[in-house]
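Open the model in your viewer and keep the selection panel at hand. Each stop below says what to select and what is there.

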Amino acid sequence: MQPIGYGDLSAARLDATFAALADPTRRAILARLASGEASVRELTEPFAMSQAAISKHLKVLERAGLISHGRDAQRRPRKLEAAPLAEADEWLERYRKFWEESYGRLDLLLDEMKRTAKPRARGRRATAKRKGRPDR
Amino acid sequence: MTKSNALQITTTPDDREIRITRRFDAPRQLVWDAYTRPELLKRWLGTMPGWSWAVCEMDVREGGHYRWVWRGPEGAEMGLGGVYREVVPAERLVSTERYDQAWYPGEAVGTVEFTERGGRTTLVTTLRYDSKAARDAVLQSPATEGMEAGYTALDALLASTAAA
(Lines give C-alpha, C1' and ligand atoms only; values in the text may rest on other atoms or scores of the structure.)
Protein backbone atom coordinates (compact mmCIF):
# COMPACT_ATOMS: atom_id res chain seq x y z
CA MET A 1 0.00 0.00 0.00
CA GLN A 2 1.11 3.52 -0.61
CA PRO A 3 1.37 6.41 1.80
CA ILE A 4 -1.84 8.34 2.01
CA GLY A 5 -1.91 11.73 3.65
CA TYR A 6 -4.94 12.33 5.77
CA GLY A 7 -3.47 14.61 8.38
CA ASP A 8 -5.63 17.55 7.44
CA LEU A 9 -8.78 15.55 7.96
CA SER A 10 -9.72 14.79 11.50
CA ALA A 11 -7.92 11.46 11.92
CA ALA A 12 -9.59 10.63 15.22
CA ARG A 13 -13.01 11.23 13.79
CA LEU A 14 -12.23 9.10 10.76
CA ASP A 15 -11.03 6.35 13.07
CA ALA A 16 -14.34 6.46 14.89
CA THR A 17 -16.28 6.50 11.64
CA PHE A 18 -14.50 3.54 10.11
CA ALA A 19 -14.54 1.58 13.36
CA ALA A 20 -18.27 2.18 13.56
CA LEU A 21 -18.75 1.12 9.96
CA ALA A 22 -16.72 -2.06 10.46
CA ASP A 23 -19.60 -3.92 12.10
CA PRO A 24 -22.35 -5.50 9.96
CA THR A 25 -25.13 -4.83 12.50
CA ARG A 26 -24.18 -1.17 12.68
CA ARG A 27 -24.11 -0.93 8.89
CA ALA A 28 -27.57 -2.47 8.77
CA ILE A 29 -28.77 0.06 11.34
CA LEU A 30 -27.35 2.91 9.27
CA ALA A 31 -28.93 1.52 6.13
CA ARG A 32 -32.27 1.41 7.95
CA LEU A 33 -31.84 5.01 9.18
CA ALA A 34 -30.95 6.12 5.67
CA SER A 35 -34.61 5.59 4.81
CA GLY A 36 -35.82 7.68 7.77
CA GLU A 37 -35.56 8.07 11.54
CA ALA A 38 -36.56 5.21 13.83
CA SER A 39 -36.91 4.42 17.54
CA VAL A 40 -34.67 1.92 19.33
CA ARG A 41 -37.55 -0.55 19.39
CA GLU A 42 -38.09 -0.19 15.66
CA LEU A 43 -34.39 -0.62 15.05
CA THR A 44 -34.29 -3.76 17.20
CA GLU A 45 -37.11 -5.54 15.36
CA PRO A 46 -35.18 -6.81 12.29
CA PHE A 47 -32.38 -8.28 14.41
CA ALA A 48 -32.16 -11.43 16.50
CA MET A 49 -30.68 -9.31 19.27
CA SER A 50 -31.79 -7.78 22.53
CA GLN A 51 -32.68 -4.12 22.72
CA ALA A 52 -29.71 -3.73 25.07
CA ALA A 53 -27.34 -5.11 22.44
CA ILE A 54 -28.78 -2.78 19.80
CA SER A 55 -28.46 0.13 22.25
CA LYS A 56 -24.74 -0.63 22.56
CA HIS A 57 -24.35 -0.44 18.80
CA LEU A 58 -26.31 2.80 18.75
CA LYS A 59 -23.93 4.28 21.33
CA VAL A 60 -20.95 3.47 19.10
CA LEU A 61 -22.68 5.09 16.14
CA GLU A 62 -23.57 8.09 18.23
CA ARG A 63 -20.01 8.54 19.52
CA ALA A 64 -18.83 8.43 15.90
CA GLY A 65 -21.30 11.19 15.13
CA LEU A 66 -23.04 8.98 12.59
CA ILE A 67 -26.44 9.22 14.26
CA SER A 68 -28.21 11.58 16.62
CA HIS A 69 -31.29 11.71 18.83
CA GLY A 70 -34.51 13.21 17.66
CA ARG A 71 -36.43 15.66 19.89
CA ASP A 72 -39.33 13.41 20.84
CA ALA A 73 -38.57 12.58 24.50
CA GLN A 74 -40.54 9.32 24.52
CA ARG A 75 -39.45 7.66 21.30
CA ARG A 76 -36.05 9.33 21.12
CA PRO A 77 -35.88 8.49 17.43
CA ARG A 78 -32.42 8.06 15.96
CA LYS A 79 -31.52 9.73 12.72
CA LEU A 80 -28.61 9.54 10.34
CA GLU A 81 -25.95 12.28 10.32
CA ALA A 82 -24.45 12.60 6.87
CA ALA A 83 -21.35 14.74 7.58
CA PRO A 84 -18.98 12.06 8.99
CA LEU A 85 -19.92 9.72 6.18
CA ALA A 86 -19.13 12.41 3.67
CA GLU A 87 -15.75 12.91 5.34
CA ALA A 88 -15.03 9.18 5.22
CA ASP A 89 -16.03 9.19 1.59
CA GLU A 90 -13.61 12.04 0.97
CA TRP A 91 -10.82 9.91 2.41
CA LEU A 92 -11.79 7.00 0.19
CA GLU A 93 -11.80 9.34 -2.76
CA ARG A 94 -8.24 10.38 -2.00
CA TYR A 95 -7.17 6.79 -1.88
CA ARG A 96 -8.87 6.20 -5.19
CA LYS A 97 -7.29 9.36 -6.60
CA PHE A 98 -3.84 8.22 -5.51
CA TRP A 99 -4.20 5.07 -7.59
CA GLU A 100 -5.92 6.81 -10.49
CA GLU A 101 -3.13 9.35 -10.77
CA SER A 102 -0.41 6.73 -10.45
CA TYR A 103 -2.01 4.48 -13.03
CA GLY A 104 -2.59 7.46 -15.31
CA ARG A 105 1.16 8.08 -15.27
CA LEU A 106 1.72 4.38 -15.86
CA ASP A 107 -0.48 4.61 -18.99
CA LEU A 108 1.81 7.32 -20.35
CA LEU A 109 4.95 5.40 -19.46
CA LEU A 110 3.61 2.24 -21.12
CA ASP A 111 2.81 4.19 -24.29
CA GLU A 112 6.37 5.38 -24.34
CA MET A 113 7.69 1.86 -23.69
CA LYS A 114 5.52 0.44 -26.47
CA ARG A 115 7.05 2.89 -28.92
CA THR A 116 10.63 2.24 -27.91
CA ALA A 117 10.67 -1.42 -26.86
CA LYS A 118 8.32 -3.19 -29.25
CA PRO A 119 10.64 -5.84 -30.72
CA ARG A 120 11.79 -7.05 -27.33
CA ALA A 121 8.28 -7.14 -25.92
CA ARG A 122 7.08 -9.36 -28.77
CA GLY A 123 9.94 -11.76 -28.18
CA ARG A 124 9.06 -12.18 -24.52
CA ARG A 125 5.37 -12.67 -25.22
CA ALA A 126 6.21 -15.48 -27.63
CA THR A 127 8.22 -17.11 -24.85
CA ALA A 128 5.29 -16.89 -22.46
CA LYS A 129 3.04 -18.59 -25.02
CA ARG A 130 5.46 -21.46 -25.51
CA LYS A 131 5.40 -22.03 -21.76
CA GLY A 132 1.70 -22.77 -22.08
CA ARG A 133 0.36 -19.52 -20.73
CA PRO A 134 -2.12 -18.41 -23.34
CA ASP A 135 -2.71 -14.72 -23.24
CA ARG A 136 -6.32 -14.73 -24.30
CA MET B 1 -12.37 -8.93 -15.57
CA THR B 2 -12.73 -5.28 -16.40
CA LYS B 3 -14.56 -4.19 -19.49
CA SER B 4 -12.90 -0.78 -19.54
CA ASN B 5 -9.70 0.76 -18.23
CA ALA B 6 -11.52 2.34 -15.30
CA LEU B 7 -10.03 1.83 -11.88
CA GLN B 8 -11.96 -0.51 -9.62
CA ILE B 9 -11.51 -0.80 -5.89
CA THR B 10 -13.60 -3.63 -4.57
CA THR B 11 -14.24 -5.66 -1.51
CA THR B 12 -13.67 -9.39 -1.73
CA PRO B 13 -15.41 -12.29 0.00
CA ASP B 14 -12.58 -12.27 2.51
CA ASP B 15 -12.87 -9.34 4.91
CA ARG B 16 -9.09 -9.24 5.36
CA GLU B 17 -8.52 -8.17 1.78
CA ILE B 18 -8.90 -5.26 -0.54
CA ARG B 19 -8.57 -5.50 -4.31
CA ILE B 20 -7.61 -2.84 -6.83
CA THR B 21 -8.17 -3.61 -10.51
CA ARG B 22 -7.06 -1.66 -13.56
CA ARG B 23 -6.53 -2.49 -17.22
CA PHE B 24 -3.70 -1.10 -19.35
CA ASP B 25 -3.33 -0.88 -23.13
CA ALA B 26 -0.01 -2.70 -23.15
CA PRO B 27 1.32 -6.26 -23.11
CA ARG B 28 1.92 -7.65 -19.67
CA GLN B 29 5.69 -7.85 -20.13
CA LEU B 30 5.81 -4.07 -20.36
CA VAL B 31 3.55 -3.65 -17.36
CA TRP B 32 5.74 -6.08 -15.44
CA ASP B 33 8.84 -4.10 -16.36
CA ALA B 34 7.21 -0.84 -15.30
CA TYR B 35 6.30 -2.48 -12.01
CA THR B 36 9.58 -4.18 -11.19
CA ARG B 37 12.34 -1.91 -12.49
CA PRO B 38 13.10 0.94 -10.09
CA GLU B 39 13.94 3.51 -12.77
CA LEU B 40 10.52 2.84 -14.35
CA LEU B 41 8.52 2.43 -11.14
CA LYS B 42 9.72 5.81 -9.90
CA ARG B 43 8.23 7.47 -12.94
CA TRP B 44 4.66 6.49 -12.21
CA LEU B 45 4.05 5.23 -8.69
CA GLY B 46 2.52 8.25 -7.10
CA THR B 47 3.65 10.56 -4.44
CA MET B 48 1.62 13.22 -2.77
CA PRO B 49 2.24 16.84 -3.76
CA GLY B 50 5.48 18.02 -2.17
CA TRP B 51 6.87 14.49 -1.85
CA SER B 52 9.52 12.87 -3.98
CA TRP B 53 11.40 9.59 -4.14
CA ALA B 54 14.44 9.32 -1.87
CA VAL B 55 15.13 5.56 -2.04
CA CYS B 56 13.84 3.00 -4.51
CA GLU B 57 15.68 -0.28 -4.15
CA MET B 58 14.21 -3.51 -5.45
CA ASP B 59 15.82 -6.93 -5.60
CA VAL B 60 13.01 -8.64 -7.51
CA ARG B 61 13.55 -12.35 -6.86
CA GLU B 62 12.14 -14.72 -4.30
CA GLY B 63 13.59 -13.79 -0.93
CA GLY B 64 14.84 -10.46 -2.27
CA HIS B 65 14.14 -7.24 -0.40
CA TYR B 66 12.72 -3.93 -1.51
CA ARG B 67 12.91 -0.55 0.15
CA TRP B 68 11.03 2.60 -0.81
CA VAL B 69 11.42 5.95 0.90
CA TRP B 70 9.78 9.25 0.02
CA ARG B 71 10.90 12.64 1.26
CA GLY B 72 8.38 15.36 1.95
CA PRO B 73 8.11 18.88 3.27
CA GLU B 74 10.43 19.91 6.14
CA GLY B 75 12.54 16.77 5.91
CA ALA B 76 9.67 14.41 6.61
CA GLU B 77 10.22 10.85 5.42
CA MET B 78 7.90 8.00 4.72
CA GLY B 79 9.33 4.58 4.13
CA LEU B 80 8.26 1.03 3.64
CA GLY B 81 9.79 -2.22 2.62
CA GLY B 82 9.42 -5.94 2.52
CA VAL B 83 10.41 -9.22 0.95
CA TYR B 84 9.40 -10.76 -2.37
CA ARG B 85 7.76 -14.08 -1.62
CA GLU B 86 6.81 -15.13 -5.11
CA VAL B 87 8.16 -13.84 -8.41
CA VAL B 88 6.69 -15.24 -11.64
CA PRO B 89 7.84 -12.83 -14.36
CA ALA B 90 5.04 -11.06 -16.22
CA GLU B 91 2.51 -13.03 -14.23
CA ARG B 92 2.55 -12.77 -10.47
CA LEU B 93 4.38 -10.82 -7.79
CA VAL B 94 3.79 -11.49 -4.11
CA SER B 95 5.50 -9.35 -1.49
CA THR B 96 5.20 -8.35 2.12
CA GLU B 97 4.97 -4.71 3.13
CA ARG B 98 5.67 -2.93 6.34
CA TYR B 99 5.69 0.80 6.95
CA ASP B 100 8.38 2.51 9.03
CA GLN B 101 5.74 4.65 10.70
CA ALA B 102 3.35 1.75 11.21
CA TRP B 103 0.10 3.43 10.23
CA TYR B 104 -1.16 -0.08 10.58
CA PRO B 105 0.84 -2.56 12.68
CA GLY B 106 2.56 -5.67 11.39
CA GLU B 107 2.73 -6.71 7.79
CA ALA B 108 0.42 -6.93 4.86
CA VAL B 109 0.92 -9.24 1.90
CA GLY B 110 0.38 -7.77 -1.52
CA THR B 111 -0.30 -9.92 -4.57
CA VAL B 112 -0.12 -8.36 -8.02
CA GLU B 113 -1.44 -10.44 -10.91
CA PHE B 114 -0.79 -9.60 -14.56
CA THR B 115 -3.26 -11.03 -17.08
CA GLU B 116 -3.01 -10.27 -20.77
CA ARG B 117 -5.89 -10.42 -23.21
CA GLY B 118 -5.80 -9.09 -26.74
CA GLY B 119 -2.61 -7.16 -26.06
CA ARG B 120 -4.08 -5.48 -22.97
CA THR B 121 -3.09 -6.22 -19.43
CA THR B 122 -5.32 -6.34 -16.39
CA LEU B 123 -3.50 -5.65 -13.17
CA VAL B 124 -5.14 -6.98 -10.03
CA THR B 125 -3.59 -5.92 -6.73
CA THR B 126 -4.82 -7.70 -3.62
CA LEU B 127 -3.73 -6.67 -0.14
CA ARG B 128 -4.15 -9.09 2.69
CA TYR B 129 -3.47 -8.50 6.35
CA ASP B 130 -1.89 -11.57 7.83
CA SER B 131 -2.91 -11.45 11.45
CA LYS B 132 -6.14 -10.83 13.24
CA ALA B 133 -4.39 -8.36 15.53
CA ALA B 134 -3.25 -6.32 12.54
CA ARG B 135 -6.64 -6.45 10.95
CA ASP B 136 -8.41 -5.39 14.12
CA ALA B 137 -6.00 -2.52 14.58
CA VAL B 138 -6.42 -1.46 10.97
CA LEU B 139 -10.14 -1.32 11.61
CA GLN B 140 -9.37 1.37 14.16
CA SER B 141 -7.77 3.60 11.52
CA PRO B 142 -8.81 4.95 8.15
CA ALA B 143 -6.72 2.33 6.41
CA THR B 144 -7.68 -0.24 3.87
CA GLU B 145 -9.74 -2.58 6.03
CA GLY B 146 -11.80 0.21 7.43
CA MET B 147 -12.10 1.52 3.94
CA GLU B 148 -13.33 -1.80 2.73
CA ALA B 149 -15.98 -1.96 5.38
CA GLY B 150 -16.70 1.66 4.65
CA TYR B 151 -17.30 0.99 1.00
CA THR B 152 -19.95 -1.58 1.73
CA ALA B 153 -21.78 0.88 3.90
CA LEU B 154 -21.09 3.94 1.83
CA ASP B 155 -22.33 2.39 -1.38
CA ALA B 156 -25.72 1.95 0.19
CA LEU B 157 -25.76 5.00 2.39
CA LEU B 158 -24.46 7.67 0.10
CA ALA B 159 -26.73 6.45 -2.64
CA SER B 160 -29.73 6.75 -0.37
CA THR B 161 -28.71 10.04 1.26
CA ALA B 162 -27.48 11.76 -1.90
CA ALA B 163 -30.97 13.01 -2.66
CA ALA B 164 -31.49 14.32 0.86
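Helices (H or I, at least four residues) and strands (E, at least two) are DSSP runs, numbered from the N terminus. This is a predicted model, in which local features need pLDDT of at least 70 and side-chain atom pairs count only at pLDDT 80 or more, while totals for chains, interfaces and linings use all residues. Residues are numbered from 1 along each chain as its sequence is written, and chains are lettered from A and ligands numbered from 1 in the order in which they are written.

**Stop 1: chain B**

Select chain B. It holds 4 helices and 8 strands. Trace the sequence and the pattern reads β-β-α-α-β-β-β-β-β-β-α-α. Of its 164 residues, 29% are buried (20 or more other C-beta atoms within 10 Å of the residue's own; exposed is 12 or fewer, partly exposed in between; C-beta atoms are placed from the backbone). Now consider contacts (C-beta atoms, placed from the backbone, within 7 Å). Among those in chain B with a separation of 6 or more, 34% join residues 24 or more positions apart.

**Stop 2: Thr96(B)**

Select residues 92-99 of chain B. This is strand S6, and Thr96(B) sits in it. Thr96(B) counts as partly exposed because it has 18 C-beta neighbours inside 10 Å. Which residues does Thr96(B) touch, not counting those up to four places away in sequence? Show Gly82(B), Val83(B), Arg85(B), Glu107(B) and Val109(B). Then draw a distance to His65(B), 31 residues apart along the chain: the C-alpha atoms are separated by 9.4 Å.

**Stop 3: Val112(B)**

Move to strand S7, residues 108-117 of chain B, and pick Val112(B). Val112(B) has 19 C-beta neighbours inside 10 Å, so it counts as partly exposed. Leaving aside neighbours within four places in sequence, Val112(B) is in contact with Tyr35(B), Leu93(B), Leu123(B) and Thr125(B). Thr21(B) is 91 residues apart from Val112(B) along the chain, with 9.7 Å between their C-alpha atoms.

**Stop 4: two helices in chain A**

Two packed helices are described by the angle between their axes and the distance between the axes. Select H2 (residues 24-33) and H4 (residues 51-63) of chain A. They pack at about 75°, with axes 10 Å apart. Axes are lines fitted to C-alpha atoms, for helices over the stretch in contact, and angles run from 0 to 180 degrees between N-to-C directions. H2(A) and H4(A) are therefore roughly perpendicular (65 to 115 degrees). Show side chains next. Thr25(A), Arg26(A), Ile29(A) and Leu30(A) in H2(A) meet His57(A), Val60(A) and Leu61(A) in H4(A).

Key
Contact = placed C-beta atoms within 7 Å. Parallel < 35°, antiparallel > 145°, perpendicular 65-115°, else oblique.
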